[in-house]
Amino acid sequence: MDSDSEVERILQVSQNQERPPSSYGSMKSDEEEEDENITEAQRSSCKSELPTFTTHTRVQLNRNVSPETVFTEITQQQSVSEHPQEGTFVTERLHTHTCVEEEERDEHSPIQVDYPEPLPPVKPEDESQEEVDEEQQPGKLHPEFDLPYIFKSMQNSLTSLGGPELHLFKRYLCGRHPSFTMTDLEESDTLDIVDKMLERFGKLQGLRVAIRMLESMKKPELAQELEKKCKRAVIQYELKCGLIRRHNCIFEGVPRAGQHLYLKYVYVEPQISTQGHGGVNPLHEVRSDPPNPPQVASPDSMIGGNNIFRLRSLNGSPVRCVLTTGLPGIGNSVAVQKFMLDWAEDRANFDIQFVFPFPFREMQSLRERNIVEKKDISMLELLQTYHNETRSMDFLEQPDCKVLFVMDGIDIYKKHLDFKNTPVVTDIKAVIPLDSLLVNLIRGSLLPHALLWLTGRRAATNQIPPEYIHRVTEIQGYSDEQKDDYLTLRYSDKSLAAKIIRHTKKSPTIYTLCHIPFCCWMVAMVYERGFRNYDDYGDQPPKITSFFIHYMIIQNNRKLEKYHGQNPNSQRWTDMDKVFMLNLGCLALKLLDNNRSVFYEEDLYEHSLVVREVAWCSGLCTELPRANAEDKRVFCFTHLSFLEFMAAHYVWLTFRLEERNVLDQSHHISKLLKEHSLVDMYRKAIDRYLSAPVGQYDLFLRFLCGLSMTLNDGLLRGMLFPHNAPPLKGLEDVGRLLTKRKDSAGPERQANLSECLRELETSED
């Protein structure tokens, strides 16, 4: 029996048997079968002891137990090797299918989506079932990605090699890959060589290695023929290697050279909801009944990040375009990065053939370059510009090519996308302006069979007409358990992680804000440094003012970098930044005085603010969803505590810059009374605090006291006022005033006034 007949016989027998969801084993040639003098009874008695492995094709193949079987690529979960740049997909662990593991998987399984993550497809018994739009069915893989197809293609190419050429192929294989030895391959025929290559490398890398070896042997015709037969698999392998190189590591928080980390060591998947209410956390340290409390997503609306394309649109059809929004710092870009890395490492979404990231940051740079060069671009040129693997994708427009375009950060793209007046373009070779290209891609005019994932802040995503969005998801951030998981995961020293968690929980305000992963990173960085450098660190609860000052500074620096193109190493705050902070703080104080937490466009116009700067760029505010498109646009701060901080910051900064007390418009500060004017400002603030309901001005007064503390005052020097500005005078008098008012206040006020005094202390947190 020849090798082709042997493969056909094994596959035919395997398909008629029950197919367990295991992994891939190996094959043996007829010559090996004849050399082994084993009876049928002995053979059957040994079968029960063999580990069984299954590929994504669910074809069961068996071979003798050998050391290489543990390297099989076809286990259900794979990961990249320690050197991802080599594109080596190596299994991290084998799955033993025991009852205990089945129970554990049931307990921790994600919530049910409209249809689940696709299992490897099984060839239908009824061939007529294949007539119903197979390429759109969940879990339907293209035949070129099936293991039997790749196996037979490699076998046919290597069969063309004569005896000496096959021996040379073995020598090349052993010389390039230490996992092979001539002793191991000396008696192997073509079938066994292909078997071992796929077993040890996996189907994609094994195919690529075979092509490379043929090229090294000066057999370009055979190499090109094999690459042409398995073109999709080769392109997918190159694309996955590129995605792993680019997305295997992450810069947390503020990027710093050399401070990247492996994503898998710090990533905790945030909660993602199919209910978009804005994602604002209603919890507050002091106020149990905040004004205009935001709605929160219900627990049963949460889905896993890898399941967003398993959802159905409202009319029941599969989704094409998914939009994901969230607060600034909530982790949109990191969730996108993890999604692509999981696909590249064969952890999820096996039915998607190609995933192409097109971040709007790169699109904005390309647009500016094209404007300078007066150049347009086609969809095919755009693909080849950022993904060279697509140079031979002549099948891109075919309906059976399931491709996903990931477009992250639409708020960074400065040009407003005009869906109303942009002409329709359907040809991927048509040369058009980049704006028109993006509009037609979102519309579905270009590549209508392609999937699309858009992310961005809600105020920016509102420019996309709802008829082009099939599903909206919203990242809600971390639950309390996930906050602890993140702080525990990123440290090998678990005792240090426990100290940081305990210290963070001492401040309800900071712990509440840690539902934003960016705030979680700030806590980790600051408190880690404190515990490593000071023996008595953590004895007192953390102060909150310095945390909010750092958050405001970082968000403004990120705005200058992302939206205004400033180099992170040479950023300069301008007078416009100072005016923006004052105007936004003035709006916050007005809202606080009126006991409001939301505002509208007319409020922005009243304070000389624009929607783009406030809701897109600032990182301090967000837009809330509207029930109807005709309703007024509604905005709010990302948390009520940020509103209180910005109100206090406005009062303090106005006094610092203009020597004016905005809490008392009728009071004009005299130069002769300058030393005592600080006390006058705090006297007005305390009077306002004591005359208002409990909770309304509690954090406001606490922030106002903290801003005057010497160390916090120094944080803003050189940004909002000169480095050489004179220090504040009269802090001792402010402390005495607070102590006097605390002693005479009721018990419900004393605890907060004690915190105000602690914020005013000059001791370092």
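Q: What does the secondary structure of the protein chain come to?
A: The chain comes to 31 helices and 16 strands. Keep in mind that this is a predicted model.

Q: And how much of the protein chain is buried?
A: Buried residues make up 56% of the 765 residues. As for contacts between residues at least 6 apart in sequence, 74% of them join residues at least 24 apart.

Q: OK, sheets. What's the strand order in the open sheet of 7 strands?
A: The order is E8-E7-E13-E9-E12-E11-E10, and the pairing is mixed. E8 and E10 are the edge strands, each pairing on one side only.

Q: Which way do the E11 residues point?
A: Val-403, Phe-405 and Met-407 point one way, while Leu-404 and Val-406 point the other way. In a regular strand the side chains alternate between the two faces of the sheet. Here the residues on both sides of E11 are buried.

Q: How many bridges join E10 to E11?
A: There are 4, and the two strands run parallel. E10 covers residues 354-357, and its Phe-354 has Val-403 as bridge partner in E11.

Q: And what about E11 with E12, parallel or antiparallel?
A: Parallel, again with 4 bridges; E12 is residues 451-455. Val-406 stands opposite Trp-453 there.

Q: Which helix goes with E11 and E12 in a β-α-β unit?
A: Helix H16, residues 434-443, and the unit is right-handed.

Q: Why call H16 largely enclosed?
A: Because 10 of the 10 residues of H16 are buried. That includes Asp-435, Asn-440 and Arg-443, along with Leu-434, Leu-437 and Leu-438.

Q: What covers the buried residues of H16?
A: The cover includes helix H14 (360-373), helix H15 (379-386), E11 and E12.

Q: What follows H16?
A: Gly-444, with a positive phi near 100 degrees.

Q: Switching to packing. Which residues touch the most other members of the largest nonpolar core?
A: Phe-405 and Phe-700, in a core of 213 residues. Helix H26 (residues 640-658) gives the most to this core, with 12 residues.

Q: Which residues does Phe-405 touch?
A: Leaving out residues up to four places away in sequence, the list includes Phe-356 and Phe-358, then Met-379 and Leu-383, then Leu-441 and Leu-447. Ala-450, Leu-451, Leu-452 and Trp-453 are on the list too.

Q: Now rings. How many aromatic pairs does a search of the whole structure find?
A: It finds 29. Take Phe-309 and Trp-453: the ring centres are 6.4 Å apart and the planes sit at 85 degrees, so that pair is edge-to-face.

Q: What does the Phe-309 and Trp-453 pair tie together?
A: Phe-309 is in the loop between E8 (302-303) and E9 (321-325), and Trp-453 is in E12, so the pair ties together parts that are 144 residues apart in sequence.

Q: Is Phe-309 buried or exposed?
A: Buried, at 4% relative accessibility. Trp-453 counts as buried as well, at 4% relative accessibility.

Q: Which residues form one aromatic cluster?
A: Phe-518, Trp-521, Phe-547, Phe-548, Tyr-551, Phe-642, Phe-645 and Phe-703.

Q: In what sense do E7 and E13 pair?
A: Antiparallel, over 3 bridges, with E7 at residues 271-273. Ile-272 has Ile-475 as its bridge partner in E13, and Gln-271 stands opposite Gly-477.

Q: And E9 with E13, parallel or antiparallel?
A: Those two run parallel, joined by 4 bridges. Leu-323 stands opposite Val-472 in E13.

Technical notes: Residues are numbered from 1 along each chain as its sequence is written. This is a predicted model: local features need pLDDT of at least 70, side-chain atom pairs count only at pLDDT 80 or more; totals for chains, interfaces and linings use all residues. Side-chain values use heavy atoms; hydrogens and water are left out. Buried means under 20% relative accessible area, exposed over 50%, partly exposed in between (1.4 Å probe, protein chains only). Two strands pair if DSSP finds at least two bridges between them. A crossover is right-handed if, with the strands pointing away from the viewer, the path from the first strand over the helix to the second runs clockwise. A nonpolar core is a set of buried Ala, Val, Leu, Ile, Met, Phe, Trp, Tyr and Cys residues joined through side-chain atoms within 4.5 Å. Contact means heavy atoms within 4.5 Å. Rings of Phe, Tyr and Trp (its six-membered ring) pair if their centres lie within 6.5 Å; planes under 30 degrees apart count as stacked, over 60 as edge-to-face and the rest as tilted.
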